[in-house]
Amino acid sequence: MTAQVVELLKRAGSRNGVLGLGGSPLGNLARPVTDDEAAETMRRAWDRGIRYFDTAPHYGLGLSERRMGAELRRRPRDEFVLSTKVGRLIVPNPRPREWDDDGFAVPGDLTRQWDFSAAGVERSLRESLERLGLESVDILYLHDPDQAWEGAAGEGLAALARLKADGVVKAIGIGTNSTAGLARVIEDGLVDVIMLANRYSLLDHTALDSVLAPAHRFGVAVVAVGVFATGLLSTARPAPGSTYEYRAPGADVIGRAERIATVCEGHGVELPAAALAFPLLHPAVSAIAVGMRSPHEVDENLRRFETDIPAGLWDDLIAEGLIPAGAVRAHER
């Protein structure tokens, strides 16, 4: 299965691997982005060679899909890879509020309705395609199935399998920030790819043995997201007000980030560049995706992504006990 997804993502790659554009900021995550700013961001990403784009109905109650589709439907369909997600239907809010209450700066006249049933999966995809204005997506993920694991892992994954068998999508998977239950799904051959958020970064190695090892063994690709740890690793030094896991970080986490930054500086490398490169050291990781909300962020992330990282940096991080040896040694083997 990895070969299939890797081949799919190959059109989105560069010499340093695959960097995708994550669509949550285009859905006004945390703060507004105008339609013009979103369009300029997408155009800059395209002009700079980014060809993997990920979105979801959850992101801005469909706003991210609409904005992403408005630009992508102007492009040759065989020149980009697009993924979206199912599991949350976007429906009229029976108790409309002024603003969404789930982290996105959008009106609250709509809301999310969990639905991992076969009918819900099919409806979600159909409505996503309508918002995107496209006839197909390449990769379809169950979004946060840990919220309703029994139904999601059963009926939801079966529905995805049927869509793939019918040729509606090319690859299927799970998008989540939880590692629970993933090893079994991987070992049972139920997915082609896992999009894993916040569980494999310079600061969190939870997924190394629990997800990446079985994924590599059973031929399942991994797309790592949240590689900046929701902000703490996005600057050369942890900045005041930065978040970790979407909240204020503890002193121990800030201390580890500072130590990693010091090692990076010793090798002439910015902390965010190392954060982008780290997940791709593992052979199970086929791509990373990063949220971008402006042309400037596109340029900055690509500059960092194109940085050559000396092997000695990883050796020193291992020696300092800041990253596990298996993260690097597995790639060397």
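This is a predicted model: local features need pLDDT of at least 70, side-chain atom pairs count only at pLDDT 80 or more; totals for chains, interfaces and linings use all residues.
1. Residues are numbered from 1 along each chain as its sequence is written, and side-chain values use heavy atoms, with hydrogens and water left out.

2. Is His58 buried or exposed? His58 is buried, with a relative accessible area of 12%; buried means under 20%, exposed over 50% and partly exposed in between, using a 1.4 Å probe and protein chains only. Leaving out residues up to four places away in sequence, His58 touches Arg88, Asp102, Phe104, Arg112 and His143 (contact means heavy atoms within 4.5 Å).

3. Now follow the chain into helix H3, residues 63-72. Here 8 of the 10 residues are buried, so H3 is largely enclosed by the rest of the structure. The buried ones are Leu63, Ser64, Glu65, Arg67, Met68, Gly69, Glu71 and Leu72. What do they pack against? Their partners are strand S2 (17-22), helix H2 (35-47), strand S3 (52-54), strand S4 (81-86) and helix H4 (118-132).

4. Next, a helix pair. Helix H8 (residues 251-266) packs with helix H11 (residues 311-319) at an angle of about 145°, and their axes are 9 Å apart. Axes here are lines fitted to C-alpha atoms, for helices over the stretch in contact, and angles run from 0 to 180 degrees between N-to-C directions. On the H8 side, Ile260, Val263 and Cys264 meet Leu313, Asp316 and Leu317 of H11. By class, that contact has 5 nonpolar residues, no polar ones and 1 charged. (Ala, Val, Leu, Ile, Met, Phe, Trp, Tyr, Cys and Pro count as nonpolar, Asp, Glu, Lys and Arg as charged, and the others, Gly among them, as polar.)

5. On to the open spaces. The largest pocket holds about 1300 Å³ of space. On a 1 Å grid over the protein atoms alone, a pocket is an open set of points with protein on both sides within 12 Å along at least five of seven lines, a cavity is a set where a 1.4 Å probe fits but cannot get out, and lining residues have an atom within 4 Å of a point. Grid points are joined across faces, edges and corners, and a volume is the space filled by probe spheres set on the points.

6. Of the 45 residues lining the largest pocket, Ser24, Pro25, Leu29, Thr230 and Tyr246 are the closest to its centre. Which element gives the largest share of this lining? Helix H10 does, with 5 residues. By class, the lining has 15 nonpolar, 20 polar and 10 charged residues.

7. The second largest pocket has about 230 Å³ of space. Its lining has 13 residues, and those closest to the centre are Asn16, Ala277, Leu280, Thr307 and Ile309. Helix H9 (271-277) and H10 each supply at least two lining residues, with the largest share, 3 residues, coming from H9. The lining divides into 8 nonpolar, 2 polar and 3 charged residues.

8. Asn198, Ser201, Asp204, Ala229, Tyr244 and Glu245 line the largest cavity.

Conventions. Helices (H or I, at least four residues) and strands (E, at least two) are DSSP runs, numbered from the N terminus.
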